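Here is a report on one protein model, written for a reader who is new to structures. Please keep the sequence and the 3D view open while reading.

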Amino acid sequence: RPTKVPRPLRRHRRQSGTVRAQMGTSVVALRLSRALGSRPAASLAISATATVLLAVIALVAGNFSIAADNAGWYSRGTTLADRHVQLLRLFDWDWNDSEYSGCGPSISADCWAQEPRRLSEEKCKKTRGSDLTVIYRAKQSDADLLSPDLLRQVCELESEAIRVLRAGACQPPSSGCSAVRGGECLAPVSVVSLLRDSLGWELACADLAADPATVRLAEALGLVGYDYTADSPSTRTLAAVFPLVRDSALDFLLEVHHAGTLRLASANVDTAYGMWRRDDFRNAVTDEVLFSDMALVYGSLVVSLVCVLAYTRSLFLSVVGLLQVCFSFPLAFFCYSIVCRLDFFPFLNFLGLFVIMGIGVDDLFVVVDKWSQAARSLPPGSDVPTIAAVAGPDAALTMLLTSLTTAAAFFATAVVPVAPVRVFAIFMGFMVLADYLLCLTVTFSAVCLQHRWLQRAPSSRRARCLLSLLDFSRCSSRPPQEAAAPRARVLERLMSGPMHIAVHRGRFVLLALFFAALGLCVWQVANISPPSSTAVQLLPESHVVERYETWKQDFAEEDSSEMFVVWGLTPGDTGDHNNPELVTDLLADLDWDPSSREAQRWLLDFCNATASDPAAPRATDIGCPLRDMDDWLVDSAAAGQPRCGGASRLPVPPDAFHPCVEEYLSSEDRYSWYMGMRTYRGRLVALVASYKVVINFDSSYEQVRDTVDEWEGWMDTQNKGAPDGVRGGFFTSARVHWWDTNRSMLLGAYYSIGAALAVVFVVVLLATLNPLTTVYATVSVGTVLLLVIGTVLGVGWELGFLEGICFAILIGLSCDFVLHMAHAYTSADQPTRELKSRDALARMGPPVFAAAMTTLSTGLVMFGCTFVFFFQFGTILVLTMLYAILTSLFFFLPLTNAAGPTGRCCSLAPLSTKGRASGGADKEASTQQACAAEPEMGQIRQSL
């Protein structure tokens, strides 16, 4: 039935045209709010049922699963990335009948399949990727494991590891090979075993002595650290490979890992273990730790429930609010998987629950506070539809500003060409929008329903105590007076009283402190350094898996890596850039034809020039296929065994070139895997030359950048002077690809920050129509970003993947609180900037502060996670919340207290009003018709 609304929005009467400009939308919002308030039970039931159905459809039809492996942490789609993925696809000998195509006919993959790499010709020293590997490392950095005392300790530790082996899991010995455990297991491949092979297996560990010849053999097998050289025959690291049965290797390793029987150490030597050349064991242990840490989410939900319960004083609203937050996850997954068809769901997306917890709780607190403020602004005893008509549009607009800004900030981060970061940003954008819709439907209906229940409740104390599930204040010694208007909450009185006085009186001191801290953080950001490691550390350094991954790097060359020059392929990536499991096709260069004499000579000269020309990049030639083929022709001719129709060296006739390559590869048991050649149907279709360059994963960002620039210039020069058929060569390496990933992350982060600040500027400007307030809000959001980044850099963090994800997180979370304050300040109906700031602090300070404390508490729970990434994520979450609330209260409000706009100062509303006066007649007429249909709308519009 019609209910008189006695000017419920009086506080907006002097607002500078902002609400008037949206009068048509306000009418619709008022009608929807009244509809929800008129039938809250039906609205809640319908919206909750629809939410549950969509959630079930998403989780079932979308095949929900979390990918816990460390996949996809490389850039895709960039020029350097397109080159390297083609090389990786070329080296992948197990292609599973895929098709590889260029611009013309497709090339089948089965003809290029090569034999797997052989580590050793000796049958007793063969190792497989699934074999157990134990790494011995001296505790002192200057210690030598080849010294008698430490070698004895290594021998004793290896004997303990052998006792862990059992029949059925270890590889049985072949004929003539050394065996252990009574002949049940093949002896490990290690320095100790090699010494025993030469000195005798009955020799005691104390009698072993390092033989230089044996150690050099072990070095060739990759069992001695890179610090061992002929000039310095000592090493801190040794490895032992224990052959296992491939099918049961993973189960055996997990069994001994859980039992702890391989956690070996001596007085001076530590150990770590894993698989020789596979990540199965590492991924399995990582999955176990990940799912164990997932249980902490339930702990964080309990903490959030307690915080929400303390603020709302209603168990009913607290449960509904947490369900709103939780159900935003499957609803976002519905858009993510069903609508956008994204299949890759990394564990990073799982962290969205922690992020949306802060955003969702903030929305819940806004709805609760807007309802409370609307109830106080109306006469006592106003019915639910009337209060809903006042609170609904105000809450919807307030949450819309922050939700659109936060979602846009997350979507802007999707420009980063790294799959886990990109899909995380997309998923988080959907979660923010889903949470907003749930808050408008489910949560707002629940608030309306609770108010109706409380209005109709009996006045006996027993009934009031039963209703304490809805409102704790109902269970009191005296019944509340129905006619009395509700009082302001304690936190609201605190914000409008002591907090406002402190902010106003100390505004200049607060601004000086913030600008000083901001200057320090700007200095930190200016000296930002890129990451120095390729690994994404997921476990603590003390964990055996993480120790193994770190120590394994000691068996690589320290100061160099390989650079490859590739001909016959076209850079490109036809796979799904959002799913690391869907890799590219192999793209053929259809102009590639090295058979001409000019092309053969040029390819031979290229190898020599790249290794010796002063203008070439600093590189050492370690693999030139055509030069090796030329040496083979020369040696064969000198031995009286001419090859390739009697050719003595390159170049050979064009029609004999491809058959000569086939003959070269088939002679002397050669493998094209090593030779850098790929043939298909009797033709050389790909050629790879390799060089040793002075960069590695530990090289600085600037060093790799200079190397990339040198190779770009060199290859451009060489390709321009190359004959037809060989002009499409390009360079690539794993180190260059990793550098490109870091560069893409850095550029993407800068772009995301710029895009987010632009979105904040536009949204605040449209909401307030005041450029000065817009500048204050944008600067405040940028301040939050700089404070968080400067803090993590100040404690020694590097700009790695975590920091890239940090940008994605804090860009979204850093906007909300400042936007709430900016909107509240502009809409405050007060004559002076001091009173406007006080009104904004009183109205939005409580929900903003409560949301910050709730999310901060959720982040503190993550400090108990085993995953280092989760721990650091919690640190970022806590810092973002802390700086966001401090900036909104003690930087933005001091700015408005000191120089905030009042009245029509710096307002664009007069311009907007003139535009409406000349062109808004139709809209005004439609609004009058809507107001005539419902008298309440006309009264609200009149008050506006």
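Leucine 511 is in contact (heavy atoms within 4.5 Å) with Phe891, Pro894, Leu895 and Ala898, leaving aside its neighbours within four places in sequence. This is a predicted model, in which local features need pLDDT of at least 70 and side-chain atom pairs count only at pLDDT 80 or more, while totals for chains, interfaces and linings use all residues. Residues are numbered from 1 along each chain as its sequence is written, and side-chain values use heavy atoms, with hydrogens and water left out.

Leucine 511 has its place in helix 16. Helices (H or I, at least four residues) and strands (E, at least two) are DSSP runs, numbered from the N terminus. With a relative accessibility of 10%, leucine 511 counts as buried. Buried means under 20% relative accessible area, exposed means over 50%, and partly exposed lies in between (1.4 Å probe, protein chains only). From leucine 511 to leucine 893 the distance is 9.8 Å, C-alpha to C-alpha, although 382 residues separate them in sequence.

**Helix pairs**

Helix 16 (residues 507-526) and helix 28 (residues 868-899) have axes that come within 9 Å and cross at roughly 125°. Axes are lines fitted to C-alpha atoms, for helices over the stretch in contact, and angles run from 0 to 180 degrees between N-to-C directions. Helix 16 and helix 28 are therefore oblique to each other. Angles under 35 degrees count as roughly parallel, over 145 as roughly antiparallel, 65 to 115 as roughly perpendicular and the rest as oblique. The crossing of helix 16 and helix 28 is left-handed. A crossing is left-handed if the near helix is turned anticlockwise from the far one by less than a right angle, and right-handed if clockwise. On the side of helix 16, the residues that meet helix 28 include Arg507, Phe508, Leu510 and Phe514. On the side of helix 28, Leu886, Phe890 and Asn897 are among them.

An α-helix has 3.6 residues a turn, so residues three or four places apart point the same way.

Which way do helix 5 and helix 6 cross, left-handed or right-handed? Their crossing is right-handed. The contact is made by Val191, Leu194, Leu195 and Ser198 of helix 5 and by Thr214, Leu217 and Ala218 of helix 6. Helix 5 and helix 6 are oblique to each other.

Between helix 18 and helix 19, Gln600, Leu603, Leu604 and Asn608 meet Leu626, Arg627 and Asp630. The table lists the angles and axis distances.

| Helix pair | Angle | Axis distance |
|---|---|---|
| Helix 16 and helix 28 | roughly 125° | within 9 Å |
| Helix 5 and helix 6 | roughly 135° | within 9 Å |
| Helix 18 and helix 19 | about 110° | 8 Å |

The angle of about 110° makes helix 18 roughly perpendicular to helix 19.

**Helix 4 and its cover**

Helix 4 (residues 148-164) has 17 residues and reaches 25 Å from its first C-alpha to its last, close to the 24 Å expected at 1.5 Å a residue. The expected span is 1.5 Å times one less than the number of residues. Among the buried residues of helix 4 are Leu150, Val154, Cys155, Glu158 and Ile162. Their cover includes strand 3 (132-138), helix 5 (191-199), helix 7 (249-259) and strand 7 (269-275).

**Arginine 452**

Arginine 452 lies in helix 13 (residues 419-455). With a relative accessible area of 18%, arginine 452 is buried. Not counting residues up to four places away in sequence, arginine 452 touches Gly37, Ser38, Pro40, Val384 and Pro385.

**Backbone details in loops**

Most residues other than glycine have a negative phi, and most peptide bonds are trans. Arginine 313, in the loop between helix 8 (280-312) and helix 9 (315-339), has a positive phi near 55°. Its relative accessibility of 34% makes arginine 313 partly exposed. Leucine 769 also has a positive phi, about 55°, and is found in the loop between helix 23 (734-768) and helix 24 (771-794). Leucine 769 counts as buried, at 15% relative accessibility. A cis peptide bond, with omega about 0°, joins leucine 650 and proline 651.

**The whole chain**

The protein chain holds 31 helices and twelve strands. Of its 944 residues, 55% are buried.
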